[in-house]
Amino acid sequence: MAAAESDRDPPSALCSEFLNFSAKDTASRWLSAANLQQEVYRHLAVYVPRILCLGPSGGSSSREDHREEQREEQREELACQLLLLAPLEWLLLGEEPAAGLAQLQENNQPSPLCGHVFKVGEPTYSCRECAADPTCVLCMQCFLGSVHKEHRYRMTTSGGGGFCDCGDAEAWKKGPYCQKHTPTDNNRDTEEDPVAQLPADMVARGYSIFSIILKYAVDLLTWEQEDQLPAGLEPLERGDTYYCMLFNDEVHTYEQVIYTLQKAVNCSQKEAVSFATTVDRDGRKSVRYGDFQFCEQAKSVIVRNTSRQSKPLRVQVMHSSVVAHQCFALKALSWLGQIIQYSDGLRRILCQVGLQKGPEGENSSLVDQLMLNDSKMWKGARNIYHQLLMNSLLMDLKYKKIFAIQFAKNYRRLQTDFMEDDHERVVSVTSLSVQLFTVPTMARMLMVEENLMTTIIRTFVDHLRHRDLQGRFQFDRYTAQQAFKFGRVQSLIGDLKYVLISRPSEWSDQLRLKFLEGLDAFLELLKCMQGMDPVVRQVGQHIEMEPEWEAAFTLQMKLTHIISMIQEWCSADEHVLIEAYRKCLSALSHCHSGLPDGEQPISLSLAGHCVETFRYQVSQDKVSIHLPVCRLLAGLHVLLSRTEVASRFPEQLPLGELSPPILIELPLRCLVLCAQVHAGMWRRNGFSLINQIYYYHNVKCRVEMFDKDIIMLQAGASMMDPNHFLMIVLSRFELFHIFSSADVRKRYREANKDVVQQNNTLIEEMLHLIIMVVGERYVAGVGQVEPFDEVRREIIHQLSIRPMAHSELVKALPENGNKETGLERVIDSVASFKKPGVTGRGLYELRPEWNKYFNLYFHHYSRADQSKAEEAQRKLRRQNGEDTALPPPPPPPLCPLFGSLVNLLQCDVLLAVEGAVLQWAVEPSGGGWTESMLQRVLHLVGMALLEEKQQLESSSGDEDVTYNYTCKITRPGEAPSTSGSVLALLESLQNAPHLEVHKDMITWILKMVANIKTMRERTSSTSIITTSPGQGPEETVRDKDKAERKRKAEMARLRREKIMAQMSEMQKHFINENKELFQQSLEELEASTSAAAENSPPSLVPTCLSQVCVGPRRVGGAERRQLVTCILCQEEQEVRGHGRAMVLAAFVQRSTVLSKNRHRNLPDPERHDPLFMHPDLSLGIHTASCGHIMHATCWQRYFEAVQLKEQRRQQRLRGHTSYDVENGEFLCPLCECLSNTVIPLLPHTVSPDHSVHQPSLDTWLKTTNQQIAALHSAHRKQSDGAAEGAESTVPEGFRVDVTPQNPFSSSISEMITTFSMSTYKVGLKVNPNEQDHRVPVLSWSTCAYTIQSIERLLMDEEKPLFGSLPCRQNDCLSSLTRFSSACWTAAPLKTVHTHFIRLFAALVPDSQVENTPCILDIDMFHLLVYTVLSYSSVHSLDQSGQSVVDSAHLHLLHLVTVAHLVQILLTSTTEEVCMDQDSGGSEEEELTCRLYNTLRKHLGSVLPEVSSGWQLWHCVKAGVLPFLRAAALFFHYLNSTAPHADLLVAGPGQWEALCSYLSLPSNLLQLHQSQYTLLEPLIYRWCCHPGVRQTLHGGRVIVRFPRESNRLIELPEDYSVLINQASSFTCPRSGGDKSRAPTLCLVCGSMLCSQSYCCQTEVDGEDVGACTAHTFTCGAGLGLFLRVRESQVLFVAGKTKGCFYPPPYLDDYGETDQGLKRGNPLHLCLERYKKIERLWRQHGVAEVIGHAQEANQTLVAIDWQHL
Ligand SMILES: [Zn+2]
Ligand SMILES: [Zn+2]
Ligand SMILES: [Zn+2]
Ligand SMILES: [Zn+2]
Ligand SMILES: [Zn+2]
Ligand SMILES: [Zn+2]
Ligand SMILES: [Zn+2]
């Protein structure tokens, strides 16, 4: 291979250049040169290739390489600065650069713009009250210093790019300046030219140097030749050195690139990952360096490998000097950006240089060149010059304008380039539009001068090329490629939105002109949409392929805000509105002219009225949902009404040209289509139609779709004879004949069932439509309401369904262009807020006074909403003891333009329809009738009555109220309904038994009729009658009401009883059938209680006697039979040592919850010696159980079945289950709790033998020492053969050669081994090995650790030590302790003896034992548990029959306690000697002082002098308490002793009770005092251990007592603080890059770079993400994290398990915001955080993960280890 090894200059050569180089001299030489540019270029030509890009770089795999690379980079950086940039600075400033720049800055008077450019992930703030639009944002610093912090604001994380708008007066309606950027008086006038502030010669030099450098940079960045350089830059000597440069694209995936690189340039996977990361970040990266041939070869491999499915990856082989100059060009641009920060004058000079037209005229400025070549540049280059544009042109208000004009001029071309480009929009220059177009004055200016609105729309239309024959958009069969482009085109809509977002308050003629021109273009666009995606009803066969519909709806959705904004603009100017209306109308007639139908007029007549229309049937002809032109016209029509233009300038309006039947035609068809789909007539058209109908009504689209169609019908109806309108509606619903001819009706009622049902639904839908057309008046302009009322009505109806959370309400309301719904303005007036608890969210509840505004036929209800709301409202009314009628609410008055709508309610056709439906209801035997129909008719009648009543009330009396519905309904029906009057029909229906549900409503109607009659009489008899004759009928109605209700209540009661009887009958039947099942579940219930009952009550009977739990005086466990039931076979079983083994499902896990030292490495599994637990408790083993008991054999069978199932499953599909069977995991068969082993149940220990003599400490110590000596010699004998040592005196009856009998049956022994193996395996992370001597230690360890952790929990939650534990924990501890006392029986005896000897030596030093740790390195509780438990094995050799186990336990307790006291005194920090409380000087204090002084005597000055005994005693007491409590728990479970009464309650008296329960003196120091002579030598030897001195001298971490409980880290109250912290966090691996998913460890507070290739590490031969890797060091495999950008808590366990958990941050509405989508300010909810903390401290996280994964299978599939 011909890799050019290293032909670069040795660094030393360059170094000598450094020394001889003078920037100052160079600058002055340049200055005197005739042609400055030539001189500078010559310099660059020499130095640039010598400094930059020398040979291979990047792709470093090892750390060594990485460091070398960094050093290389620093060298380059330094050389650039000294050799290239410094002369430029000298030249510009004419003096020492540092001094010169400082001077510039000092003289500079900066503009008040903040201009802070956002990093990715940085928090941005927008004020919802004051921001001109949602793109106006503040940086955190400005926000905190602004007035908006007290307003309603929204917080988001920046996607990078964009800057802080602080100081931009146009961006804010109020408070544009923060404290820092408030302009002061000495700020210069904005009009003044900042260049004038600079010395003239500097200005001149600035112009020339800036233009040379900027031109150089532009030339090189847009340079396309790979081998040549621009004139003047050719290198002196050309080596054959090339780079193979790889460019990024958005087509190939990371994996593809990595794979290809490995093949092409023969690098390791690690290097390839590093290359790919850089290519992705910077847009290009050299992947190979060498001669041309060598690079060419790599190129061809890459191209070949990536061209199979797509365009190949872009690769170029470039000469090294070209790369070097491009590299310097970027540095030069950054340099320019930095220099201009010092002076606004220089900034302006740069702006001028950049925008100056070149000799080529139009578009020839340097900035133009950059923009126009944008899509050709690589990402890194784009980013740097965009940044420069933001720092220069966008920060200078004058040049921002000029730039904006250039940008607008080039707009079409830039967009086209962007469309062809495949980079994301953020790295395209087109994304700068947001900075330019959102400034309202700028947008206006561009609109007027550059016709921007039209340009954008035209560009947009040009890029949508899919049309049908009529020129309409057609997105059928469009490919993924097109879809991608379509996605890109949509950014144009965004630009249009920016332009329109702020409505002008003042119009110039020019603006009017250009806006209307833009509107023309927009109407062209809408015309292309009008009638898109037409559908025809499919009969016979189902459609073969679902037609494409999403593209059209995406377009509609994106345009929704634009359409609304255009209407808003129109509403702001009368002239514009009138013109727009005209244009829209003519566009509509243009659309209609293209309709093929309308040729065959037909004539309809009904109820004495006659109308002409044409033949058209939705069910047979083409129909489209897309009618944007009609809908815009509808919107403008409402505006005519709202702005009163219609009444003020009727002559200017083309109202005469309106043909109402034409106006309503298309919207009506669309609504009929919906009705027919509902009626099931379009089933064969598939899901695409269903989806379209769904979106048509959906909140995202409805404002400019469904709502506008209703308005159009309202507009049309208000201009027509109501009878004609209704006849056309009937005809389009294809129902006309049913109502016009009795014959047809009859036939229809006898037709086949499907048709009847179809028609029934259609009738219902039609009636609903009429209700909406007359009743929907909450649009300003239709009814006399304000926008406020509209929103309020929406909310009332949402809350009528059920109480809702804030976010649910927001989702149900349409957002405007500013992402506002107006919800906040009204919510408090209609609803009350209920705060959330620890789970769930806050809810709004409708206040009762608003219930009367409920409208069952609210137009935005879906059918499901409607029935839910109906049910809720009826229930509510029943609860309040009201009748259940849901009459229409009083409607607001209509605006004059829509005033005649009310006549619909009393027109003849409607009365005929009502009559017909009521008639059917009277004789319900036929099929053609439904209750819903009747309900709608009753609603219509109610509406008509309300209307009449309101008119009567508002009329002053003299004028006649023309509206006379009550009169009309008394008239008998006309042909064809030959029945009685509507009123008569209603009266006859009132008592119809089959209409029970509607009775209240009919009653309400009749009451209304009576009321209105009275009112009319009253007005007609002109106020003579004041004696209110109206009371008569009203009274009787009320009485009747009462009687009626009583009757109904009785009926309801009877019905209920009947149902109950039925149900119990059914139940009985069911139980009979499923007898076994019930039996089982009942027993389960008993079983789970029995386990609890057996344990708790006897032991918890508070006994006031001085109960003692340890030592010879202890009160023994109950020697009663212990019966338990197996949850699997339901058999009862007694727990006996020789019986069948019973086991408890359990979960064993490693834990660092109690750790006081998270820096300690995890132990080496093979060599770790766990016999002594360090007091830092850095790693423990925790056992938990759900408390469910099984036979060992039943469990084994169950587990085998689980294993088998898993094997079969794995054969079928890959992936994991929520539990890991291979690791012994299973779910408890009863409660599905995650478990990985079982604990055997063992019988209680027997009561102490009071007959034997209990030895004193002295005697016992002596005996034990003798026993140990005997064991020593026996062990020696075994190992050394027969080397007979000095035989010490063996105590009487002690036989080392005896093998004690195993007290357990084989099945129990087997289970003891099973559990021992589990703790061993989990605790050490090793494979099972029964012979390992560490096995029993780990069993004891989990017992001690679990007790300790539970003691901590009880302490911190201030619960009493006994009696407050839940059953399952109680059962778990009890069986765990009894198990550990027996586990030695499963281990080799010698092993356990050795353990005891070593443990004992820590207390009573033994010269034959080596490596005993010092007492500061031992956790005393663990020592106590281990010695007590291992002692049994020694004692088992005692054949003397003297059972002295109990006194041994007590002596051990005493010894360990004293050791602990010494430990506490040695480590207590008593420096802060506070108030001397020496007054009393109690015995305790005195003795403590004495002990302390003894220690000082042994250790000397290491211990500080302490004068206050009170303080020492205080320390000791607090320090020893957790130990005593844990010891009490231990002996309680070991010996089954009932606790002391005082320990069942929290509070005072604890200390004494505890001491007496443990058989200790309450003055603990007496332990020491009473055995002074015995203990003194021991204490002396403890202190002499070299480890003690070492530790106290500060050599190691000192653990102090009591150990403080661990808590999760403290979180800030305000979430944005966290976001800010995370945004400045950089990935620790990839040199200062921003991390994409910063994640916070809640346990230790580390910030991690999660979910990213850069921070993967290898754990056990597998690459894992930063979070998983961290869990192994911080949490022994378990982790709790907060994903900061997502606002999500993450739980991880091991490599395969994890789940997300709601974060402890809530917004003001009591809701979390997972994914930070809503942006409401978030605050810490302490209770929720406590809950998470408790979960962690209770070791419940793994279980939560298990349950979450069990509930949601998709969680199982996530690769948690990559997070
Ligand atoms: Zn700012
Ligand atoms: Zn500011
Ligand atoms: Zn504000
Ligand atoms: Zn069983
Ligand atoms: Zn269970
Ligand atoms: Zn951590
Ligand atoms: Zn990283």
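Predicted model: local features only at pLDDT ≥ 70, side-chain atom pairs only at ≥ 80, totals over all residues.
Local features are reported only at pLDDT of at least 70 and side-chain atom pairs only at pLDDT 80 or more, whereas totals for chains, interfaces and linings use all residues; side-chain values rest on heavy atoms, with hydrogens and water left out. Residues are numbered from 1 along each chain as its sequence is written, and chains are lettered from A and ligands numbered from 1 in the order in which they are written.

The zinc ion (ligand 5) is coordinated by Cys-1186 (SG), His-1188 (ND1), Cys-1228 (SG) and Cys-1231 (SG) at 1.9 to 2.3 Å. Donors are N, O and S atoms within 2.8 Å of the metal (3.2 Å for Na, K and Ca), and sites may look incomplete because water is not among the atoms. The four donor atoms subtend angles of 106 to 113°, so the arrangement around the zinc ion (ligand 5) is tetrahedral; for four donors this term requires all angles to lie between 85 and 135 degrees. Ideal angles for four tetrahedral donors are 109.5 degrees. The spacing of the donor residues in sequence is C-x1-H-x39-C-x2-C. Cys-1228 is buried, with a relative accessible area of 2%, while Cys-1231 is partly exposed at 30% (buried means under 20% relative accessible area, exposed over 50%, and partly exposed in between, for a 1.4 Å probe and protein chains only).

Cys-1641 belongs to strand β17 (residues 1638–1641) and Cys-1674 to helix α59 (residues 1666–1674), so the pair ties together parts that are 33 residues apart in sequence. Helices (H or I, at least four residues) and strands (E, at least two) are DSSP runs numbered from the N terminus. Both Cys-1641 and Cys-1674 are buried.

Two helix pairs were examined. The axes of α23 (residues 574–593) and α24 (residues 628–642) come within 9 Å and cross at roughly 150°. The helices are therefore roughly antiparallel, a term applied to angles over 145 degrees. Axes are lines fitted to C-alpha atoms over the stretch in contact, and angles run from 0 to 180 degrees between N-to-C directions. The crossing of α23 and α24 is left-handed, meaning that the near helix is turned anticlockwise from the far one by less than a right angle. Contacts (heavy atoms within 4.5 Å) involve residues including Leu-577, Tyr-581 and Leu-588 of α23 and Leu-632, Leu-636 and Leu-640 of α24.

For α21 (residues 509–529) and α22 (residues 550–571), the axes come within 12 Å and cross at roughly 145°. This crossing, too, is left-handed. Among the residues that meet are Phe-515, Phe-522 and Met-529 in α21, and Leu-559, Ile-563 and Trp-569 in α22.

A cis peptide bond, with omega about -5°, joins Phe-1601 and Pro-1602, and Pro-1602 is located between α57 (1586–1595) and α58 (1615–1623). Gln-1130, a residue other than glycine, has a positive phi near 65°; it is placed in the loop between β10 (1123–1125) and β11 (1132–1134) and is buried at 16% relative accessibility. Ser-1536 likewise has a positive phi, near 50°. Ser-1536 lies between α53 (1509–1535) and α54 (1550–1557) and is buried, with a relative accessible area of 14%.

Technical notes:
Tetrahedral: all angles 85-135°; square planar, octahedral: opposite > 155°, others 65-115°. Parallel < 35°, antiparallel > 145°, perpendicular 65-115°, else oblique.
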